[in-house]
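Here's a quick briefing to read with the model open beside you. Have a look at the fold, then go through the points below.

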Amino acid sequence: MAKPASSAFTSFSQNLKRYIKKPWEITGPCADPEYKLAVPSALEYRIFCPATVKEIACVPTSNPETVYDIKYYNRDQRRNRPPIIRTILKKADVVKMMKEKTFDASDFPPVYLTTQVEEDYNARGGGYQ
């Protein structure tokens, strides 16, 4: 008795769903018969896991000249740099270095004006504008 009642209810609900629509399916773009819902169903969403391998790679290993070699480290120029050396200076070390340091004239940049300015007294206005 319970089975025919439940099947009758499901068939009634299916017929009701056919005629009663959601408000956004009555008018607008969703009402068009060619409209397809953008949200995929659970069976269409992810057929296979992204981490699964579709095909097993065929890696040639028989002949030495055809061995698959993708070593990057032998082409990486960043590995050829000398190691970074960090030096920590204490105040006593700096004072000692400054006492040992002697300054020469070549240690400083050259003076900007190295020649004397010659004024042209024959110019209009005495050489000044």
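Leaving aside residues up to four places away in sequence, Asp107 touches Lys101 and Thr102, where contact means heavy atoms within 4.5 Å. What you're looking at is a predicted model: local features need pLDDT of at least 70, side-chain atom pairs count only at pLDDT 80 or more, and totals for chains, interfaces and linings use all residues. Residues are numbered from 1 along each chain as its sequence is written, and side-chain values use heavy atoms, with hydrogens and water left out.

**Around Asp107**
- Asp107 sits in the segment after H4.
- With a relative accessible area of 42%, Asp107 is partly exposed (buried is under 20%, exposed over 50%, partly exposed in between, using a 1.4 Å probe and protein chains only).
- A polar atom of the Asp107 side chain lies 3.0 Å from the backbone nitrogen of Asp104.

**The aromatic pair**
- You'll find one aromatic pair in the structure (ring centres of Phe, Tyr or Trp, the last by its six-membered ring, within 6.5 Å; planes under 30 degrees apart are stacked, over 60 edge-to-face, the rest tilted).
- That pair is Phe103 with Phe108, tilted at 35° between the planes and 6.0 Å centre to centre.
- Phe103 counts as exposed because its relative accessibility is 53%.

- Val94 belongs to helix H4, residues 91–100, and is partly exposed at 37% relative accessibility.

**The whole protein**
- The protein has four helices and zero strands (DSSP runs numbered from the N terminus: H or I of at least four residues for helices, E of at least two for strands).
- Carbon and sulfur atoms hold 60% of the accessible surface of about 14100 Å² (Shrake-Rupley method, 1.4 Å probe).

Conventions: A polar contact is a pair of N or O atoms within 3.5 Å; within protein, one must be able to donate a hydrogen and the other to accept it, and residues adjacent in sequence count only if both atoms are side-chain atoms.
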